[in-house]
Amino acid sequence: MGFAATALKVEQVAVRFGGLVALSDMNFTVGEGEIVSLIGPNGAGKTTAFNVMTGFLDPTHGCVSYRGTALNGLKPHQIADLGLIRTFQRTSVFPNDTVYDNLLVGLHRRGRVGLFEAILGLPRARSSERRLRERASELVEWVGLGRRAHDLAGSLSYGEQRLVGVALALAAEPSMLLLDEPVSGMNASETHTFVELIRNIRDRGVTILLVEHDMPMVMSVSDRIVVLNYGRIIAEGPPDVIRNDPVVIEAYLGQGAARA
Ligand SMILES: Nc1ncnc2c1ncn2[C@@H]1O[C@H](COP(=O)(O)OP(=O)(O)OP(=O)(O)O)[C@@H](O)[C@H]1O
């Protein structure tokens with residue numbers, strides 16, 4: 001595909017819950033700097049795949065590796081230390097703190113050394129505190145919440161709160177970001193802005209994988225799309241190919257018929 005190297009590699013992954021096969025023989029890769037979406041009808045296995053890729057669930061079979069390191073058996077925080085950072089569907093902001101303070105707290109939590117220095121009262125602590133403050137401001141600006149920086153996080157719209165979640169993820173300095181249904185609950189204009197943000201994040205060198213239901217959003221942002229149905233990959237390719245793939249159309253129509 002013209003991408004330099006593989007970032008994330010999913011090999012022969014299967015997940016069984018008792019008798020239920022949630023994923024079987026899943027194989028795909030995400031290249032460095034790529035934006036890849038994982039889509040599929042309800043119950044297709046997207047959330048299960050997401051949890052396997054972020055270490056929240058161990059596969060029954062197979063392996064996920066990131067930049068050559070197998071993730072099997074690693075704890076979520078160890079995976080995060082590799083630069084693989086996820087967002088959550090429900091963003092847990094502190095509603096009674098400002099957006100800026102939420103970021104500062106997030107940065108403090110990661111900057112253990114800075115906090116240690118602060119406790120010892122080292123002169124370096126003050127400059128490190130200043131750096132954290134600058135970084136918090138940068139992150140708030142980056143996700144487009146500059147004008148909301150000093151508002152209480154709880155007063156933000158649902159979509160804006162998702163942006164705080166993304167800023168908190170960016171605070172961890174990911175080399176790859178996994179986004180779990182990032183635009184669910186956003187209106188059309190927020191979604192449009194979010195697509196721009198994802199492109200901007202990628203342009204700054206971060207690889208992106210998203211699981212998302214919003215088809216127009218997925219079509220507009222993705223370099224490549226992987227389609228799951230009943231726990232199996234049924235199609236993989238660029239948006240124009242996926243949009244016109246009869247197998248994909250059939251899978252989604254089938255779901256519509258089942259719902260009606
Ligand atoms: N912890 C679990 N125990 C038992 N079955 C599970 C568990 N998690 C998921 N499943 C089942 O595995 C299958 C895949 O579920 P999953 O949530 O991964 O699908 P999904 O594509 O994310 O669906 P949705 O779009 O509705 O969120 C479903 O049949 C689901 O009921």
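**The sheet and its helices**

Author: Strands β3 (residues 35–39) and β8 (residues 207–211) run parallel and are joined by 4 bridges. Strands here are DSSP runs of E with at least two residues, helices are runs of H or I with at least four, and both are numbered from the N terminus. The model is predicted: local features need pLDDT of at least 70, side-chain atom pairs count only at pLDDT 80 or more, and totals for chains, interfaces and linings use all residues. Residue numbers start from 1 along each chain as its sequence is written.

Within this pair, Ile35 has Ile208 of β8 as its bridge partner. The open sheet has 6 strands in the order β6-β7-β8-β3-β9-β10, with mixed pairing; two strands pair if DSSP finds at least two bridges between them. β6 (84–86) and β10 (232–237) are the edge strands, each with a single partner, so one side of each has no neighbour in the sheet. On average, neighbouring strands are turned by 15° against each other, direction ignored.

α1 touches β3, β7 (176–180), β8 and β9 (224–229), and its direction makes about 150° with that of β7. Helix α7 (residues 188–203) touches β3, β7 and β8, at about 145° to the direction of β8. Contact requires C-beta atoms, placed from the backbone, within 7 Å. Axes are lines fitted to C-alpha atoms, for helices over the stretch in contact, and angles run from 0 to 180 degrees between N-to-C directions.

α1 also gives the most to the shell around the ligand, with 3 residues.

Notes. Contact = placed C-beta atoms within 7 Å.
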